[in-house]
Structures are given as C-alpha cells and as structure tokens.
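Colleague: I've got a model open and I'd like to learn how to read its features. Could you take me through it?

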Amino acid sequence: MKQTVLITGGAGFIGSHVVRRFVRNHPEYLVVNADKLTYAGNLANLTDIEKMPNYIFHKMDIVNRREVDELFEKYRFNLVIHLAAESHVDRSISSPDLFIHTNILGTVNLLNACRAQLTAGEDTLFYHISTDEVYGSLGAEGLFTETTPYDPRSPYSASKASSDHLVRAWFHTFGLPVVISNCSNNYGPNQFPEKLIPLAINNIINRHEIPVYGKGENIRDWLYVEDHAEAIDIIAHNGKRGNTYNIGGNNEWKNIDLIKLLCRVMDDKLGRRSGESEELITFVKDRAGHDLRYAIDSSRLTAETGWVPRHDFAAGLAVTADWYLENSRWLQDVISGDYASYYEEQYIKR
Ligand code: NAD
Ligand code: DAU
C-alpha cells in the first residue's frame, strides 16, 4: 500500500461517494473511513465496497481528541480528506452549538494530529472540504471566486468559515501542507432527505406537501455528487499546497423552478397525472437569514486540472429520482430515526 488515506465523514452523503471512488480507483491505497455515524451517517451507503481489502471503517468522533490521536498513532496517514461535519443549515439555526463543536473543534483536533505527525518528520496532506456558503449571499449578478471575501451568515456557514480560516492558519503558522475546496450544492443518491431535492422526492412519493421557503426565489448552483467526488480526487492529487479551489456545477436554479421540474420528473416516473405533484407545492415561512443566491466560478480548478462537471442536470436528476424510488428501504430506514420529530419541529409547527 503506497498511501494510507483517512476520509472523515465517509458514511455521509458526499463522503460515501468519495470513499467508493478512492477504494475502487486507487486499489494501492488503504482507505480508512472514520465517522461518528450521526443521524446523517449510514454504513448502508457503502455495502458494495465494505468487503474490499483496501477499506477499513472506524467509528470515531472527531470532537474526541483522544480518539483522533489514537487513530493517527495507529495509521500515520499520508492524506487526510476531511468531510465530517454537521451539514444542514436549518439544524444549525435550531442547534448552533453542535455545529461549533463538530465543525470547528473537530477540525482543530484533526489539524493538531496532522501537525504532530509533521513534527515527527512524516509528511501528510490535510485536505479540507468546505462550502460556497462561506462567501455569503450574491445579488442577481456575479460569481464567487476564490478571492471573494468571506461573509458567512448562518451558524453552519460561520462554523465552516471558521474551520477554513483555522486550516489556513495551520498552513501559514505551522507549515502544515493543506488544500481547501469550496463547493456548491450537491445532489444525487444517498443524500439525507432533509435537504431540498431528496426531501421533495420523498414528499412527492408519499403525497405530502412540498415545503418551499418564502417565494421559492432563492438560487442555488447544483452539482452531481460524483462530479464533486471526482474534483476531490483530482485536487487531492494535483492541488497546490495552501491553495483554495472553488467547485461548482455552472447550473443555477431558482428553487421553485427546480421543484417544478422535479415534480414533472416524478409524475412521469410514478405514472401520475401531469401536474399532480405540483399541486403539493406549499409556500412556507422563509428560513431565517436565507441567502438569496450562490453561484460559483470554478475556472481556477478547470484551468489547473481540466476538471469540468460531467453530468447533465436533467440526467442527474432522473438518476437521483430513480435511486430513491428503487431504494425505498434505505429511505424508510433513515427517516425512521429522529427524522420524524425533526420534521415536525421544522415544518408542522412553523
Ligand atoms: P452529511 O451530513 O451527509 O454527512 C456528514 C457525515 O459526517 C456523516 O456521516 C456524519 O456521521 C459525520 N459526522 C458528523 N459529525 C461527526 C463527528 N463529530 N465525528 C465524526 N463524524 C461525524 O454531509 P454532506 O452533505 O455529505 O457534506 C460533507 C461535507 O461536505 C461537509 O463538510 C459539508 O460542509 C461539505 N459540503 C457539503 C455540500 C452539500 O451540498 N451537501 C456542499 C459543499 C460542501
Ligand atoms: O451551497 C452548499 C451547501 O448546500 C452545503 O454547504 C450544505 O451542507 C448543504 O446543506 C446545502 O445548503 P442549502 O441550505 O443550500 O441546501 P438545502 O437543501 O437545505 O436548501 C436548498 C435551498 O432550498 C435553499 O434555498 C433553501 C430551500 N429549501 C430547503 C428545504 C430543506 C426549501 O425551500 N424548502 C425546504 O424544505
């Protein structure tokens, strides 16, 4: 094994696609997936690769310094790809403290463990996976570039911005080799159904209302999750130390237009009358501090590495809808946990 790679949060949505890609595409690497298995982490996302000889899972809480140090003592990682986080903006509004612990303190524990290895003379690259939300909110025009000033507005984005700053501080102050990428909204199989697209798919299947915040005029830039996983693989191998890379789909959608498109896709797949799912759309109270628009300029990544998003949105959405329809057991299992009470707090009582 030439490389020992730690992927944190590898049982989550994006992490599971990154783990699969590394296990399959880099058979010479030992891939260690360390995840606390919160409500968002699910080993069922990885059943197809769990018996591969170059894959190991460790249940670990990144906030627990002892657990982190023990894992690093055991493996001496050459590469750390850090995805573990609390990731849902609405949950950060109702429970901000958890986001501070996991996203900030958890990141510091990993940085310190990498630094200890560096001090012991062993090189390691710390690759931090972050979000376009650190840049704040755009008006009708313009794109976020890597030099856009940080302006986070939600507890989630503020916690991710803090962790980005800390990663850069460990680079400048302690010489730790780091790289950061900031990505737009991902969609695809295995996404927890609290996020807009899988939430809408689940509600359409069950003929429940589709809650659209405000007037549905907020805009997001959607990227298929496997395109993100490919970008992460490329940056892990070719990214310049100390650099930041924006990753986006060049695929902006107003929420209401996206939901209407998804309704048409689902009517077709479920053999329902055209327009039936659209009747489920319900405008609800807006998210507090709801950022209007995110849009990403990924030209630095494309210029340096040639990466471009491969998946067309219509095709990606169809594959995603099919995946949820074919994996009703997965869907039932993940929503049978704390999700019912979360959904009631979030939508029924608001
Ligand atoms: P997710 O919520 O689906 O998964 C997060 C994973 O982290 C889960 O498996 C969870 O169990 C694990 N985790 C949480 N707390 C932990 C802890 N204390 N210790 C160890 N593991 C812990 O998230 P996601 O959507 O896959 O996002 C992954 C990363 O990518 C996050 O850092 C997020 O900020 C970033 N990101 C997400 C998006 C997106 O659209 N989803 C876009 C850009 C960046
Ligand atoms: O931009 C990257 C970010 O994208 C990631 O860093 C986050 O981890 C990820 O959760 C996502 O954040 P968003 O807040 O943009 O995603 P979400 O799916 O929660 O919401 C997408 C848009 O849809 C947003 O404008 C809010 C709106 N929305 C969301 C939900 C859950 C609704 O209108 N109704 C809903 O029920």
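Colleague: Which residues is His-17 in contact with, leaving aside its neighbours within four places in sequence?

Modeller: Contact means heavy atoms within 4.5 Å. Here His-17 touches Pro-189, Asn-190, Val-225, Glu-226 and Ala-229. His-17 sits in helix 1 (residues 13-25); helices are DSSP runs of H or I, at least four residues, numbered from the N terminus.

Modeller: Before we go on, this is a predicted model, where local features need pLDDT of at least 70, side-chain atom pairs count only at pLDDT 80 or more, and totals for chains, interfaces and linings use all residues. Residues are numbered from 1 along each chain as its sequence is written, chains are lettered from A and ligands numbered from 1 in the order in which they are written, and side-chain values use heavy atoms, with hydrogens and water left out.

Colleague: Is His-17 buried or exposed?

Modeller: Buried means under 20% relative accessible area, exposed over 50%, and partly exposed in between (1.4 Å probe, protein chains only). His-17 has 6%, so it counts as buried.

Colleague: How many aromatic pairs does a search of the whole structure find?

Modeller: Rings of Phe, Tyr and Trp (its six-membered ring) pair if their centres lie within 6.5 Å; planes under 30 degrees apart are stacked, over 60 edge-to-face, the rest tilted. The search finds 20 pairs. One of them is Phe-22 with Tyr-29, tilted at 35° with 6.5 Å between centres. Both Phe-22 and Tyr-29 are buried.

Colleague: Why is the pair of Phe-99 and Tyr-156 edge-to-face?

Modeller: Their planes are at 85°, with centres 6.4 Å apart, so edge-to-face it is. That pair links distant parts of the chain, 57 residues apart: Phe-99 is in helix 4 (residues 96-119) and Tyr-156 in helix 5 (residues 155-174).

Colleague: What lies over the face of Tyr-39?

Modeller: A charge sits over a ring if NZ of Lys or CZ of Arg is within 6 Å of the ring centre and within 35 degrees of the ring normal. Arg-91 does this for Tyr-39, at 3.6 Å from the ring centre, and for Tyr-342, at 4.1 Å. Tyr-39 and Tyr-342 also belong to a cluster of ring pairs, including Phe-192 and Tyr-213.

Colleague: And which side chain meets Asp-90 in a salt bridge?

Modeller: A salt bridge is a side-chain nitrogen of Lys or Arg within 4 Å of a carboxyl oxygen of Asp or Glu. Arg-287 is the partner of Asp-90, at 2.7 Å, N to O.

Key:
Helices (H or I, at least four residues) and strands (E, at least two) are DSSP runs, numbered from the N terminus.
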